[in-house]
Amino acid sequence: MDEVFKALADPSRRRLLDSLNARNGQTLRELCAGLEMARQSVSKHLAVLETANVVTTVRRGREKVHYLNAAPINAIAERWISRYDRGRVELLADLTRALESEPMDKPEFVYTTYVNTTAEKLWQALTDPAFTSRYWGATFESDWTPGATMSWTEGGLRTEDPAQVVLEAVPPHRLSYTWHTFTPEFAEVHGMNPDLVAAMAEEPRSKVTFDIAPHGKLVKLTVTHDGFGPESTVQAGVSEGWPVILSSLKSLLETGEAL
């Protein structure tokens, strides 16, 4: 957490974060064009922000695309802000704005967190119903091989669809699957507006990818959720939902208790 405050103390780094807040998912070239800073200076500041985990990157060809990362912000909020009764709804709205990106060929949601566990245990936590039911409130049934179907059970409702499938599975390093199928039954179980859920069902089916990599004694988990249409309602929902789910996952693996 000291690294986060150190990173935010410099006004030039705050300007970089403001630039990403205005338009998330920028290359080094794009960031340099929007700021009156030399390329070398921007690179050095970005390295500090990445070390503090305030910025995370995704490779796109030869370039790195930079995104704001909400994990350190969540940690600060949990430690201090809640004690002063700052509304969590207001905080999540800020995180949503920070994590949204333009509907182009870039991932639209990227979240990186570091978990004190092993890659094998983290893979199990992403796939084993005994784990997912505790921190997510949902369970999945699949043989976790590329092309295999997935069934989702949440709130007692089991959802299956031929397009609800595993895309990649390289245990314990990478897992990718298509996102949930929205049905009238889903709206009823979760008390959601049926018209809203129907609109979500009309959107292109998105996908989520989990990348797991060792990071010293910790494991680095990067979640990328993309494939949304313009002004996606689903994107707005997952941008709020993922920080909560992943914080609860981290808590479960490190303390034995989900949030």
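This is a predicted model: local features need pLDDT of at least 70, side-chain atom pairs count only at pLDDT 80 or more; totals for chains, interfaces and linings use all residues.
Figure 1. The phi of N53 is near 65°, a positive value in a residue other than glycine. Most residues other than glycine have a negative phi. N53 also belongs to the pocket shown in the next view, where it is among the residues closest to the centre of the largest pocket.

**Figure 2. The largest pocket.** The volume of this pocket is about 750 Å³. Its lining holds 35 residues, and those closest to the centre are N53, A71, T112, T113 and Y114. Elements giving two or more residues to the lining are α1 (2-8), α4 (39-51), β1 (55-60), α5 (71-79), β3 (109-115), β8 (207-215), β9 (218-226) and α11 (233-255). By class, the lining comprises 14 nonpolar, 13 polar and 8 charged residues.

**Figure 3. E231, an exposed loop residue with positive phi.** E231 lies in the loop between β9 and α11. Its phi is positive, about 50°, although E231 is not a glycine. Is E231 buried or exposed? With a relative accessible area of 81%, E231 is exposed.

**Figure 4. The cis peptide bond between P171 and P172.** P171 and P172 are joined by a cis peptide bond, with omega about -5°. Most peptide bonds are trans. P172 is placed in the loop between β6 (157-170) and β7.

**Figure 5. A stacked aromatic pair, F109 and Y111.** The whole structure contains 15 aromatic pairs. In one of them, the ring centres of F109 and Y111 are 6.3 Å apart. The planes of F109 and Y111 meet at 10°, so the pair is stacked; the cut-off for stacking is under 30 degrees. Both F109 and Y111 are buried.

**Figure 6. A tilted aromatic pair, F140 and Y177.** The rings of F140 and Y177 form a tilted pair, 6.1 Å centre to centre with 45° between the planes. Which parts of the chain does the pair link? F140 is in strand β4 (residues 138-141) and Y177 is in strand β7 (residues 174-178), distant parts of the chain that lie 37 residues apart. F140 and Y177 are each buried. Both belong to one aromatic cluster, formed by Y135, W136, F140, W144, W152, Y177, W179, F210 and W242.

**Figure 7. Strand β4 and its partner β5.** Strand β4 runs antiparallel to strand β5 (residues 149-154), and 4 bridges join them. The bridge partner of F140 in β5 is W152. In β4, A138 and F140 make up the covered face, while T139 and E141 make up the uncovered one.

Figure 8. H66 is part of strand β2 (residues 63-68). Its relative accessibility is 3%, so H66 counts as buried. Beyond residues up to four places away in sequence, H66 touches L20, N24, G25, Q26, T27, L28, L31, L46, E50, V55, T56 and T57. H180 lies in the loop between β7 and α9 (184-190). This histidine is buried too, at a relative accessible area of 7%. Apart from neighbours within four places in sequence, H180 contacts W152, T159, Q164, F186 and R205.

Figure 9. M37 is in the loop between α3 (28-34) and α4. At 14% relative accessibility, this methionine counts as buried. M37 and S12 are 25 residues apart in sequence, with their C-alpha atoms 8.6 Å apart in space. Neighbours within four places aside, the contacts of M37 are S12, L16, C32, V42 and H45.

**Figure 10. F131 in helix α8.** F131 belongs to helix α8 (residues 129-135). Its relative accessible area is 16%, and F131 is buried. The C-alpha atoms of F131 and L253 are 9.2 Å apart, across 122 residues of sequence. Leaving out neighbours within four places, F131 contacts K121, Q124, A125, L252 and L253.

Terms used:
Residues are numbered from 1 along each chain as its sequence is written. Side-chain values use heavy atoms; hydrogens and water are left out. On a 1 Å grid over the protein atoms alone, a cavity is a set of points where a 1.4 Å probe fits but cannot get out, and a pocket is an open set with protein on both sides within 12 Å along at least five of seven lines; lining residues have an atom within 4 Å of a point. Grid points are joined across faces, edges and corners, and a volume is the space filled by probe spheres set on the points. Ala, Val, Leu, Ile, Met, Phe, Trp, Tyr, Cys and Pro count as nonpolar, Asp, Glu, Lys and Arg as charged, and the others, Gly among them, as polar. Rings of Phe, Tyr and Trp (its six-membered ring) pair if their centres lie within 6.5 Å; planes under 30 degrees apart count as stacked, over 60 as edge-to-face and the rest as tilted. Buried means under 20% relative accessible area, exposed over 50%, partly exposed in between (1.4 Å probe, protein chains only). Contact means heavy atoms within 4.5 Å. Two strands pair if DSSP finds at least two bridges between them.
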